[in-house]
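Let's take a walk through this structure together. Have the sequence and the 3D view handy as you read.

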Amino acid sequence: MSDRPTGGVSGAPDGHHLGLAAAGLLRPAAVTLIAAGLYRLLQQLLTAPGLDLSVLAEFFGGGGGPPGLPGGPMQLVTPWMPHAASGTAAIGTYVSASVLVVLLSGVIPSLRRLREAGVSNQAGFQWVIAATTALLAAAHGLGAALYLEGIDGPISGLPAVPAPGWAFRAGTMLTLAAAALLILWLARQVTARGLGNGVVVLLAADILDRWYSAAPDQWRAWAAAIDPVHQGLRAGLFLLALLVLAILLLTARRLVPLERTSGPAAAEAGEAPSLSLRINPCGALPVVAAPVWLVAGFHPVEGPSLVSAIALCLLVALAAHLYAVEVYHPRDTVERLGRLGFRFAEAGSPEDAVRRLRATLHRAMVPGTLGLCVVALAPWIAGSGLDLPPGWSSMCGLDALVLAAAGLHLRQQVRSRRSLAGREVAPVLAAETRFELDLAADVLRRAGIDSRVRDDRAIAATGTLALWEVSRPRWPILTVYPHLGGGQALLLVDAAEAEAAEGLLREAGQAG
């Protein structure tokens, strides 16, 4: 990641990514639906060559797989992971590969140079991540193959792999590696030509498919209930309230007022932009981390005891606090504000501004942390309080948060395309954070140039790494690669005003 965002048209991706002269919504929507359909088809068709699926179904009794492996026999060797945070094994492997490469770039000079090449020149870094994705998927395939070779049908006694050996193992490794790269390519096509970020779209497709698959069990459970209408109404209201809470956790912000320290008088320049701090700056990460930390275990079907439920909420709060402290860099925000001609209103020295900003963030996080605790306990509430079957109750927490984030992301992408309809636009700035784009937009606004933000990054959609939206992280190696699926954060202006806008941003020190 570069120390300064790269500006200019050279910082933009291909023209089709920007929707120049806005082609409308029909074509991007069709691309997105086709990609999601192909993705689901791949999950159903791809299996390890030489695997007897009938024996596999006999071994698992047509039900769930063993711990740590996918939920159904047909999905055992397909690009699939049961955990909502990982989505498919292909997407989960891609995210893991991104994290691994970013970590290695902290100690390997050649990788560090690729990472710092600028947000507009990430091709080399992306190729390294893709290669690492293929290697990790192949390693996952080898582990799955070794496990499958030890399976025999409990009734028939037949082996699940009639011809075990390195031919089967190599075929499984190649299948999963090719599937991971193919699904990664599909995600990038959605980002480039469809609606929203491809990684987010495919994760949402997984969640919707699981909810749809669990619907028959839920229907049978309601039909057998003493008062199915009342039970169904309670469950519907609970899910609605959960989605509303998820939307609030993803959208609610606290604005910190700024004031200008240089340039035109405030009356002439207009109101300065505000610094936006989310009440939930950590996204879904605390909900993922807390159950892992909970030694006593948290099972959404059996439900936690009162003690373990309290411990889970405390761990959610601890995870949120640790993430905010370790990743967010308030001094970096204050220093960059000063370089760009802004300061915090009613703040004295820079040290006072840093203290005020840190305190404001922690106060803003209180309602967000409480909301995350409710999300973490939602599966238990749904299972024990509303008698929802395990298929649905286990998806009432993290899945609902990710699905709400994906819906908000797609809504924002649709609105962005509609605002650009009929306009020929050009990018003038590609940045790491939305905050940089907001300040650049303020510079252009004071000069009478209208601009629009185009943000199709996965991190913005899933609500994670929200702190990065106002500051580059204190420890960059602790963050996920920001350009998952090819996403970027861009500032667009009318093509006729692009040259003048670039000049203004260079003068303000906001473009390379």
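Predicted model: local features only at pLDDT ≥ 70, side-chain atom pairs only at ≥ 80, totals over all residues.

**A first look around**

Residues are numbered from 1 along each chain as its sequence is written, and side-chain values use heavy atoms, with hydrogens and water left out.

Of the protein's 512 residues, 52% count as buried, meaning under 20% relative accessible area, with exposed over 50% and partly exposed in between (1.4 Å probe, protein chains only). Among contacts (heavy atoms within 4.5 Å) with a separation of 6 or more, 79% link residues 24 or more positions apart.

Now find helix H2 (residues 26-45) and helix H7 (residues 166-193). They pack at an angle of about 170°, with their axes 9 Å apart; axes are lines fitted to C-alpha atoms, for helices over the stretch in contact, and angles run from 0 to 180 degrees between N-to-C directions. That makes H2 roughly antiparallel to H7, since angles under 35 degrees count as roughly parallel, over 145 as roughly antiparallel, 65 to 115 as roughly perpendicular and the rest as oblique. On the H2 side, the residues making the contact include Pro28, Val31 and Leu42, while H7 brings in, among them, Leu182, Gln189 and Arg193. Sorted by class, this contact of H2 with H7 has ten nonpolar, two polar and one charged residues. Here Ala, Val, Leu, Ile, Met, Phe, Trp, Tyr, Cys and Pro count as nonpolar, Asp, Glu, Lys and Arg as charged, and the others, Gly among them, as polar.

Next, head over to helix H19 (residues 498-507), whose buried residues are Ala498, Ala501, Glu502, Gly503 and Leu505. What covers them? The cover includes strand E6 (425-431), helix H17 (434-446) and strand E8 (489-494).

Take H17 from that list: the axes of H17 and H19 come within 10 Å and cross at roughly 115°. The two helices H17 and H19 are therefore roughly perpendicular to each other. Ala440, Val443 and Leu444 of H17 meet Ala501, Leu504 and Leu505 of H19 in this contact. Its residues divide into six nonpolar, no polar and no charged. Finally, H19 is followed by glycine 509, which has a positive phi, near 75°.

Conventions:
Helix = DSSP H or I, 4+ residues; strand = E, 2+ residues; numbered from the N terminus.
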